[in-house]
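Colleague: Hi! Could you walk me through this model while I have it open?
Modeller: Happy to, let's look at it together.
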Amino acid sequence: MTGKILVTRSSMPEYEEYCEEIRDLWETHWLTNMGAKHKQFQADLKSYLGVENIDLLTNGHMALELSIQAMNLHGEVITTPFTFASTTHAIVRNGLEPVFCDIDPVDFTMDASKIESLITDKTCAIVPVHVYGNVCNIEEIQRIADKYSLKVIYDAAHTFGVKYKGKSTADYGDASCFSFHATKVFNTIEGGAVCFHDQDFGLNLYRLKNFGIRGPEVVDGVGANAKMNEFCAAMGICNLRHLEAEIEKRKLVVERYRSHLDSIDGLQLNPVQKDVDANYSYFPVVFNEKVFGASRNEVFNALADNGIGARKYFYPLTNTFDCFHGRYDEHKTPTALHMSKRVLTLPLYADLSLEDVDRICDVVLKTAKKTSVRIADMIR
(Lines give C-alpha, C1' and ligand atoms only; values in the text may rest on other atoms or scores of the structure.)
Protein backbone atom coordinates (compact mmCIF):
# COMPACT_ATOMS: atom_id res chain seq x y z
CA MET A 1 0.00 0.00 0.00
CA THR A 2 1.30 3.46 -0.91
CA GLY A 3 0.65 6.64 1.06
CA LYS A 4 -2.71 7.62 2.49
CA ILE A 5 -5.12 9.41 0.17
CA LEU A 6 -7.30 12.05 1.79
CA VAL A 7 -10.80 12.82 0.50
CA THR A 8 -9.65 16.35 -0.33
CA ARG A 9 -6.57 18.51 -0.24
CA SER A 10 -6.37 22.29 -0.27
CA SER A 11 -5.12 24.08 -3.36
CA MET A 12 -2.35 26.52 -2.48
CA PRO A 13 -0.08 28.90 -4.38
CA GLU A 14 3.67 28.57 -4.28
CA TYR A 15 5.07 29.48 -0.88
CA GLU A 16 7.12 32.33 -2.34
CA GLU A 17 4.07 33.77 -4.14
CA TYR A 18 2.04 33.98 -0.94
CA CYS A 19 4.97 35.42 1.02
CA GLU A 20 5.38 38.12 -1.59
CA GLU A 21 1.65 38.87 -1.48
CA ILE A 22 1.66 39.42 2.30
CA ARG A 23 5.02 41.23 2.45
CA ASP A 24 3.50 44.71 2.62
CA LEU A 25 1.33 43.70 5.59
CA TRP A 26 4.51 43.86 7.67
CA GLU A 27 5.03 47.40 6.45
CA THR A 28 1.47 48.67 7.01
CA HIS A 29 0.54 46.53 10.04
CA TRP A 30 -3.03 46.65 8.66
CA LEU A 31 -4.22 43.09 9.27
CA THR A 32 -8.02 43.36 9.23
CA ASN A 33 -10.93 45.84 8.98
CA MET A 34 -11.22 45.96 5.17
CA GLY A 35 -7.63 46.86 4.31
CA ALA A 36 -5.85 46.99 0.96
CA LYS A 37 -5.84 43.21 0.41
CA HIS A 38 -9.54 42.97 1.24
CA LYS A 39 -10.34 45.72 -1.27
CA GLN A 40 -8.13 44.22 -3.98
CA PHE A 41 -9.57 40.75 -3.52
CA GLN A 42 -13.11 42.13 -3.57
CA ALA A 43 -12.38 43.91 -6.86
CA ASP A 44 -10.72 40.80 -8.33
CA LEU A 45 -13.73 38.65 -7.45
CA LYS A 46 -16.20 41.17 -8.80
CA SER A 47 -14.37 41.16 -12.12
CA TYR A 48 -13.95 37.38 -12.26
CA LEU A 49 -17.59 36.65 -11.43
CA GLY A 50 -19.04 39.51 -13.46
CA VAL A 51 -21.36 40.63 -10.67
CA GLU A 52 -22.71 44.04 -9.63
CA ASN A 53 -21.90 43.74 -5.93
CA ILE A 54 -19.95 41.44 -3.66
CA ASP A 55 -19.06 41.50 0.02
CA LEU A 56 -16.47 39.37 1.79
CA LEU A 57 -17.04 37.58 5.08
CA THR A 58 -15.15 35.44 7.50
CA ASN A 59 -16.69 32.16 6.25
CA GLY A 60 -19.45 30.74 4.11
CA HIS A 61 -21.78 30.10 7.01
CA MET A 62 -21.79 33.72 8.12
CA ALA A 63 -22.30 34.71 4.50
CA LEU A 64 -25.53 32.71 4.45
CA GLU A 65 -26.73 33.43 7.99
CA LEU A 66 -26.20 37.17 7.73
CA SER A 67 -27.71 37.31 4.24
CA ILE A 68 -30.90 35.79 5.60
CA GLN A 69 -30.84 38.22 8.52
CA ALA A 70 -30.17 41.20 6.24
CA MET A 71 -33.40 40.47 4.38
CA ASN A 72 -35.40 40.76 7.62
CA LEU A 73 -37.37 37.59 6.91
CA HIS A 74 -40.12 36.05 9.03
CA GLY A 75 -41.92 32.72 8.83
CA GLU A 76 -41.05 29.68 6.74
CA VAL A 77 -38.19 29.04 4.34
CA ILE A 78 -38.31 26.26 1.76
CA THR A 79 -34.97 24.50 1.54
CA THR A 80 -33.36 21.07 1.11
CA PRO A 81 -32.19 18.55 3.73
CA PHE A 82 -29.55 17.21 1.31
CA THR A 83 -26.90 19.72 2.29
CA PHE A 84 -24.26 20.54 4.87
CA ALA A 85 -25.40 21.50 8.37
CA SER A 86 -24.70 25.18 7.72
CA THR A 87 -27.66 25.66 5.37
CA THR A 88 -30.32 24.51 7.81
CA HIS A 89 -28.62 26.04 10.83
CA ALA A 90 -28.43 29.46 9.16
CA ILE A 91 -32.20 29.37 8.73
CA VAL A 92 -32.98 28.14 12.24
CA ARG A 93 -30.55 30.55 13.91
CA ASN A 94 -32.52 33.38 12.28
CA GLY A 95 -35.68 32.21 14.03
CA LEU A 96 -37.16 30.87 10.80
CA GLU A 97 -38.81 27.52 10.17
CA PRO A 98 -37.20 25.33 7.49
CA VAL A 99 -39.66 23.50 5.26
CA PHE A 100 -37.86 20.66 3.52
CA CYS A 101 -38.31 20.00 -0.17
CA ASP A 102 -37.22 16.71 -1.73
CA ILE A 103 -34.42 16.52 -4.28
CA ASP A 104 -34.08 15.61 -7.92
CA PRO A 105 -32.80 12.00 -8.14
CA VAL A 106 -30.42 12.83 -11.00
CA ASP A 107 -28.59 16.01 -9.96
CA PHE A 108 -29.33 16.02 -6.17
CA THR A 109 -30.56 19.64 -6.16
CA MET A 110 -33.97 20.81 -4.93
CA ASP A 111 -36.80 19.30 -6.99
CA ALA A 112 -38.42 22.47 -8.28
CA SER A 113 -41.61 20.59 -9.23
CA LYS A 114 -42.31 20.05 -5.52
CA ILE A 115 -41.81 23.62 -4.30
CA GLU A 116 -45.23 25.12 -4.92
CA SER A 117 -47.03 22.45 -2.89
CA LEU A 118 -44.97 23.53 0.14
CA ILE A 119 -45.80 27.24 -0.05
CA THR A 120 -48.10 28.66 2.63
CA ASP A 121 -49.05 32.14 3.72
CA LYS A 122 -46.03 31.98 6.04
CA THR A 123 -43.47 31.28 3.31
CA CYS A 124 -40.99 34.14 2.89
CA ALA A 125 -38.08 32.68 0.96
CA ILE A 126 -36.50 29.77 -0.88
CA VAL A 127 -32.95 28.67 -0.01
CA PRO A 128 -31.86 26.21 -2.71
CA VAL A 129 -28.44 24.55 -2.75
CA HIS A 130 -26.27 23.94 -5.79
CA VAL A 131 -24.98 20.44 -4.97
CA TYR A 132 -21.61 18.89 -5.96
CA GLY A 133 -21.23 21.68 -8.51
CA ASN A 134 -24.62 20.85 -10.05
CA VAL A 135 -26.77 23.89 -10.74
CA CYS A 136 -30.36 24.11 -9.49
CA ASN A 137 -33.32 24.58 -11.82
CA ILE A 138 -32.76 28.33 -11.72
CA GLU A 139 -35.49 29.39 -14.14
CA GLU A 140 -38.26 27.43 -12.43
CA ILE A 141 -37.19 28.49 -8.94
CA GLN A 142 -37.19 32.13 -10.01
CA ARG A 143 -40.58 31.76 -11.72
CA ILE A 144 -42.08 30.42 -8.50
CA ALA A 145 -40.39 33.09 -6.40
CA ASP A 146 -41.71 35.85 -8.64
CA LYS A 147 -45.21 34.36 -8.61
CA TYR A 148 -45.39 34.30 -4.81
CA SER A 149 -43.11 37.31 -4.08
CA LEU A 150 -40.47 35.20 -2.33
CA LYS A 151 -36.80 35.91 -1.83
CA VAL A 152 -34.26 33.47 -3.31
CA ILE A 153 -30.98 33.02 -1.46
CA TYR A 154 -28.68 30.47 -3.05
CA ASP A 155 -26.27 28.38 -1.04
CA ALA A 156 -23.69 28.34 -3.82
CA ALA A 157 -20.83 26.93 -1.75
CA HIS A 158 -20.20 24.17 -4.31
CA THR A 159 -20.34 26.25 -7.48
CA PHE A 160 -17.61 28.86 -7.35
CA GLY A 161 -16.28 29.15 -10.89
CA VAL A 162 -19.35 27.45 -12.37
CA LYS A 163 -21.27 29.15 -15.17
CA TYR A 164 -24.82 28.49 -16.29
CA LYS A 165 -25.66 29.62 -19.81
CA GLY A 166 -22.48 31.66 -19.87
CA LYS A 167 -23.19 33.50 -16.61
CA SER A 168 -21.72 32.85 -13.19
CA THR A 169 -23.99 31.17 -10.66
CA ALA A 170 -23.10 34.14 -8.45
CA ASP A 171 -25.40 36.35 -10.49
CA TYR A 172 -28.68 34.50 -9.82
CA GLY A 173 -31.25 34.98 -7.08
CA ASP A 174 -31.50 37.86 -4.63
CA ALA A 175 -28.21 36.68 -3.15
CA SER A 176 -25.73 33.90 -3.80
CA CYS A 177 -23.52 32.81 -0.92
CA PHE A 178 -20.12 31.17 -1.33
CA SER A 179 -17.76 29.34 0.98
CA PHE A 180 -14.01 29.75 0.56
CA HIS A 181 -13.20 27.06 3.11
CA ALA A 182 -9.92 25.23 2.68
CA THR A 183 -11.69 22.15 1.27
CA LYS A 184 -13.38 24.01 -1.61
CA VAL A 185 -12.31 24.29 -5.26
CA PHE A 186 -11.31 27.85 -4.43
CA ASN A 187 -10.21 28.79 -0.94
CA THR A 188 -9.00 31.69 1.15
CA ILE A 189 -8.09 29.33 4.04
CA GLU A 190 -11.36 30.39 5.68
CA GLY A 191 -13.73 32.83 4.07
CA GLY A 192 -16.95 33.49 2.27
CA ALA A 193 -18.71 35.97 0.02
CA VAL A 194 -22.17 37.17 -0.90
CA CYS A 195 -23.07 38.40 -4.39
CA PHE A 196 -26.20 40.53 -4.69
CA HIS A 197 -28.06 43.21 -6.66
CA ASP A 198 -29.93 45.35 -4.12
CA GLN A 199 -27.90 48.17 -2.57
CA ASP A 200 -30.04 48.38 0.58
CA PHE A 201 -29.48 44.69 1.20
CA GLY A 202 -25.75 45.28 0.77
CA LEU A 203 -25.78 48.05 3.37
CA ASN A 204 -27.64 45.85 5.84
CA LEU A 205 -25.22 42.98 5.23
CA TYR A 206 -22.19 45.22 5.71
CA ARG A 207 -23.50 46.58 8.98
CA LEU A 208 -24.32 43.09 10.23
CA LYS A 209 -20.81 41.82 9.52
CA ASN A 210 -19.27 44.85 11.26
CA PHE A 211 -21.05 45.21 14.62
CA GLY A 212 -23.88 47.34 13.20
CA ILE A 213 -21.46 50.21 12.63
CA ARG A 214 -22.58 52.77 10.04
CA GLY A 215 -19.84 55.36 10.64
CA PRO A 216 -17.06 56.31 13.06
CA GLU A 217 -19.54 57.53 15.68
CA VAL A 218 -22.77 55.85 14.58
CA VAL A 219 -23.84 52.32 15.52
CA ASP A 220 -27.49 52.00 14.54
CA GLY A 221 -27.90 48.22 14.51
CA VAL A 222 -26.92 45.10 16.42
CA GLY A 223 -24.34 43.25 14.34
CA ALA A 224 -21.82 40.45 14.44
CA ASN A 225 -18.12 40.35 13.59
CA ALA A 226 -17.72 38.54 10.28
CA LYS A 227 -15.01 40.49 8.47
CA MET A 228 -12.45 38.71 6.31
CA ASN A 229 -8.88 39.41 7.46
CA GLU A 230 -6.02 40.51 5.21
CA PHE A 231 -4.15 37.17 5.25
CA CYS A 232 -7.19 35.29 3.99
CA ALA A 233 -7.79 37.95 1.35
CA ALA A 234 -4.17 37.62 0.24
CA MET A 235 -4.58 33.85 -0.11
CA GLY A 236 -7.66 34.50 -2.21
CA ILE A 237 -5.77 36.90 -4.48
CA CYS A 238 -3.11 34.25 -5.07
CA ASN A 239 -5.46 31.31 -5.54
CA LEU A 240 -7.69 33.21 -7.95
CA ARG A 241 -4.72 33.59 -10.32
CA HIS A 242 -4.49 29.80 -10.60
CA LEU A 243 -8.16 28.83 -10.41
CA GLU A 244 -8.71 27.95 -14.06
CA ALA A 245 -5.60 25.75 -14.10
CA GLU A 246 -6.77 24.03 -10.90
CA ILE A 247 -10.19 23.34 -12.42
CA GLU A 248 -8.54 21.82 -15.50
CA LYS A 249 -6.52 19.49 -13.26
CA ARG A 250 -9.68 18.45 -11.44
CA LYS A 251 -11.35 17.79 -14.79
CA LEU A 252 -8.63 15.27 -15.66
CA VAL A 253 -9.21 13.47 -12.36
CA VAL A 254 -12.96 13.30 -12.99
CA GLU A 255 -12.44 12.00 -16.52
CA ARG A 256 -10.16 9.27 -15.15
CA TYR A 257 -12.81 8.24 -12.62
CA ARG A 258 -15.41 8.10 -15.37
CA SER A 259 -13.18 5.93 -17.54
CA HIS A 260 -13.27 3.29 -14.77
CA LEU A 261 -16.79 3.68 -13.37
CA ASP A 262 -19.09 5.07 -16.07
CA SER A 263 -20.23 1.72 -17.42
CA ILE A 264 -20.46 -0.22 -14.15
CA ASP A 265 -23.94 -1.52 -13.35
CA GLY A 266 -25.27 -0.37 -10.00
CA LEU A 267 -23.30 2.88 -9.90
CA GLN A 268 -24.87 6.30 -10.47
CA LEU A 269 -22.34 9.02 -11.21
CA ASN A 270 -22.71 12.79 -11.14
CA PRO A 271 -24.52 14.03 -14.27
CA VAL A 272 -23.02 16.23 -16.96
CA GLN A 273 -25.47 19.14 -16.99
CA LYS A 274 -26.49 20.94 -20.14
CA ASP A 275 -25.42 24.61 -20.42
CA VAL A 276 -23.15 24.28 -17.36
CA ASP A 277 -19.41 24.98 -17.31
CA ALA A 278 -18.40 22.75 -14.40
CA ASN A 279 -15.83 23.23 -11.65
CA TYR A 280 -15.45 19.48 -10.89
CA SER A 281 -15.82 20.09 -7.19
CA TYR A 282 -16.89 16.60 -6.06
CA PHE A 283 -17.15 13.07 -7.40
CA PRO A 284 -20.23 11.49 -5.82
CA VAL A 285 -21.15 7.87 -6.51
CA VAL A 286 -24.52 6.37 -5.57
CA PHE A 287 -24.30 2.63 -4.88
CA ASN A 288 -27.18 0.30 -5.69
CA GLU A 289 -26.14 -2.59 -3.48
CA LYS A 290 -28.35 -5.20 -5.14
CA VAL A 291 -26.99 -4.47 -8.61
CA PHE A 292 -23.40 -3.46 -7.83
CA GLY A 293 -22.78 -6.18 -5.27
CA ALA A 294 -21.61 -4.01 -2.37
CA SER A 295 -23.18 -1.31 -0.26
CA ARG A 296 -21.96 2.25 0.19
CA ASN A 297 -20.80 1.43 3.71
CA GLU A 298 -18.87 -1.65 2.57
CA VAL A 299 -17.07 0.41 -0.05
CA PHE A 300 -16.39 3.17 2.48
CA ASN A 301 -14.84 0.64 4.89
CA ALA A 302 -12.80 -1.05 2.16
CA LEU A 303 -11.36 2.28 1.07
CA ALA A 304 -10.52 3.16 4.69
CA ASP A 305 -8.78 -0.20 5.12
CA ASN A 306 -6.59 0.74 2.15
CA GLY A 307 -5.72 4.17 3.49
CA ILE A 308 -8.18 6.01 1.26
CA GLY A 309 -10.51 8.64 2.65
CA ALA A 310 -14.04 9.00 1.33
CA ARG A 311 -17.03 10.90 2.66
CA LYS A 312 -20.70 10.04 3.14
CA TYR A 313 -21.68 13.44 1.79
CA PHE A 314 -24.51 14.22 2.61
CA TYR A 315 -25.30 11.82 5.43
CA PRO A 316 -27.18 12.17 7.62
CA LEU A 317 -29.84 14.49 6.20
CA THR A 318 -30.14 17.75 8.13
CA ASN A 319 -33.79 16.99 8.94
CA THR A 320 -32.61 13.92 10.88
CA PHE A 321 -30.02 15.69 13.05
CA ASP A 322 -30.17 14.95 16.77
CA CYS A 323 -30.62 18.66 17.50
CA PHE A 324 -33.93 18.51 15.58
CA HIS A 325 -35.08 15.18 17.02
CA GLY A 326 -38.82 14.68 16.52
CA ARG A 327 -39.24 18.00 14.75
CA TYR A 328 -39.21 16.90 11.11
CA ASP A 329 -40.27 13.81 9.18
CA GLU A 330 -37.49 12.64 6.87
CA HIS A 331 -39.94 10.38 5.06
CA LYS A 332 -41.46 13.49 3.49
CA THR A 333 -38.22 13.76 1.51
CA PRO A 334 -37.88 10.11 0.39
CA THR A 335 -35.49 10.70 -2.52
CA ALA A 336 -33.10 12.65 -0.33
CA LEU A 337 -33.31 9.95 2.34
CA HIS A 338 -32.64 7.23 -0.25
CA MET A 339 -29.63 9.04 -1.69
CA SER A 340 -28.16 9.92 1.69
CA LYS A 341 -27.90 6.23 2.58
CA ARG A 342 -26.17 5.31 -0.69
CA VAL A 343 -23.95 8.20 -1.77
CA LEU A 344 -20.20 8.37 -1.29
CA THR A 345 -17.89 11.12 -2.50
CA LEU A 346 -14.52 9.79 -3.63
CA PRO A 347 -11.25 11.72 -3.24
CA LEU A 348 -10.97 14.67 -5.60
CA TYR A 349 -8.46 17.50 -5.68
CA ALA A 350 -6.22 19.12 -8.26
CA ASP A 351 -3.03 17.31 -7.20
CA LEU A 352 -4.57 13.84 -7.00
CA SER A 353 -2.52 11.67 -9.34
CA LEU A 354 -4.23 9.62 -12.02
CA GLU A 355 -2.41 6.57 -10.66
CA ASP A 356 -4.10 7.15 -7.31
CA VAL A 357 -7.45 7.42 -9.08
CA ASP A 358 -6.72 4.02 -10.64
CA ARG A 359 -5.93 2.63 -7.20
CA ILE A 360 -9.15 4.04 -5.69
CA CYS A 361 -11.29 2.60 -8.47
CA ASP A 362 -9.56 -0.76 -8.14
CA VAL A 363 -10.56 -0.93 -4.46
CA VAL A 364 -14.14 0.12 -5.27
CA LEU A 365 -14.57 -2.52 -7.96
CA LYS A 366 -12.85 -5.28 -6.01
CA THR A 367 -15.13 -4.66 -3.05
CA ALA A 368 -18.12 -5.68 -5.13
CA LYS A 369 -16.38 -8.86 -6.26
CA LYS A 370 -15.34 -9.79 -2.73
CA THR A 371 -18.81 -9.14 -1.39
CA SER A 372 -20.35 -11.28 -4.12
CA VAL A 373 -17.96 -14.11 -3.29
CA ARG A 374 -18.86 -13.91 0.42
CA ILE A 375 -22.57 -14.05 -0.38
CA ALA A 376 -22.05 -17.01 -2.69
CA ASP A 377 -20.10 -18.85 0.06
CA MET A 378 -22.90 -18.17 2.54
CA ILE A 379 -25.48 -19.62 0.14
CA ARG A 380 -23.43 -22.79 -0.24
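Colleague: How many helices and strands does the secondary structure of the chain come to?
Modeller: There are twelve helices and 15 strands. Helices (H or I, at least four residues) and strands (E, at least two) are DSSP runs, numbered from the N terminus. Keep in mind that this is a predicted model: local features need pLDDT of at least 70, side-chain atom pairs count only at pLDDT 80 or more, and totals for chains, interfaces and linings use all residues. Residues are numbered from 1 along each chain as its sequence is written, and side-chain values use heavy atoms, leaving out hydrogens and water.

Colleague: What share of the chain is buried?
Modeller: Buried residues make up 53% of the 380 residues. Buried means under 20% relative accessible area, exposed over 50%, and partly exposed in between (1.4 Å probe, protein chains only).

Colleague: Let's zoom in on α7. How many of its twelve residues are buried?
Modeller: Ten of the twelve, so α7 is largely enclosed by the rest of the structure. Among them are Glu-230, Cys-232, Met-235 and Leu-240.

Colleague: What do those buried residues pack against?
Modeller: They pack against α1 (15-28), α2 (36-49) and α8 (243-261). Contact here means heavy atoms within 4.5 Å.

Colleague: And which residue caps the N-terminal end of α7?
Modeller: That is Asn-229, with a side-chain oxygen 2.9 Å from the backbone nitrogen of Phe-231. A polar contact is a pair of N or O atoms within 3.5 Å; within protein, one must be able to donate a hydrogen and the other to accept it, and residues adjacent in sequence count only if both atoms are side-chain atoms.

Colleague: New topic: in what order do the three strands of the open sheet run?
Modeller: The order is β7-β6-β13, with antiparallel pairing. β7 (167-168) and β13 (276-277) are the edge strands, each pairing on one side only. Two strands pair if DSSP finds at least two bridges between them.

Colleague: Which residue stands opposite Lys-163?
Modeller: Asp-277 in β13 does.

Colleague: Last one: which residues touch the most other members of the largest nonpolar core?
Modeller: Of its 28 residues, they are Tyr-257, Leu-261, Phe-283, Leu-303, Leu-346 and Ile-360. α12 gives the most to this core, with six residues. A nonpolar core is a set of buried Ala, Val, Leu, Ile, Met, Phe, Trp, Tyr and Cys residues joined through side-chain atoms within 4.5 Å.
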